[in-house]
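I opened a new notebook page for this model.

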Amino acid sequence: QVQLVESGGGLVQAGDSLTLSCAASGRTFSSVAMGWFRQAPGKDREFVATIKLSGGTTSYSDSVKGRFTISRDNAKNTVFLRMSSLKPEDTAVYYCAATMRASCLAYGCDDPSHFGSWGQGTQVTVSS
């Protein structure tokens with residue numbers, strides 16, 4: 001299992017930028033694929049971005065593509081989500097997650113049920 005702790009959330013205005021961090025412990029960080037998901041009130045948890053083992057391959061949901069960037073620092077056991085041009089509809093609790101599922105390691109995953117470890121979440125609120 002991987003233990004995950006998110007940080008960096010807060011209240012920002014539309015158009016601002018914010019960077020979330022997710023610190024991992026408990027297992028070799030470089031052996032897991034990482035993802036960011038978010039959940040707004042009354043909505044299902046949705047995929048935001050994922051990054052594979054070595055950090056060379058990333059994918060994003062259409063709603064954040066071009067505005068958000070996922071990255072990882074394996075030396076620091078940390079994954080980041082850089083969010084730019086934030087919109088009120090980006091308001092949600094953001095969660096990082098880790099998976100060792102073989103298909104996710106090879107191809108990337110956007111299904112939250114494929115991720116076995118989750119952080120506690122960090123609130124991001126974007127005001128208009």
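I looked up F37 and found it buried, with a relative accessible area of 0%. F47 is buried too, at 13%. (Buried means under 20% relative accessible area, exposed over 50%, partly exposed in between, with a 1.4 Å probe and protein chains only.) The model is predicted: local features need pLDDT of at least 70, side-chain atom pairs count only at pLDDT 80 or more, and totals for chains, interfaces and linings use all residues. Residues are numbered from 1 along each chain as its sequence is written, and side-chain values use heavy atoms, leaving out hydrogens and water.

Next I checked the rings. Rings of Phe, Tyr and Trp (its six-membered ring) pair if their centres lie within 6.5 Å; planes under 30 degrees apart are stacked, over 60 edge-to-face, the rest tilted. I got 5 aromatic pairs. F37 and F47 are edge-to-face, with centres 5.9 Å apart and planes at 70 degrees. One cluster takes in F37, F47, Y95, F115 and W118.

Then I looked for charges over rings (NZ of Lys or CZ of Arg within 6 Å of the ring centre and within 35 degrees of the ring normal). The charged end of R45 sits over Y95, 3.8 Å from the ring centre. R45 also lies over the face of W118, at 4.7 Å.

Which cysteines does a disulfide join, with S to S 1.9 Å? I noted C22 and C96. (A disulfide is a pair of cysteine sulfur atoms within 2.5 Å.) This link is right-handed, with 45 degrees about the S-S bond. C104 and C109 form a disulfide with sulfurs 1.8 Å apart. Theirs is left-handed, at -90 degrees.
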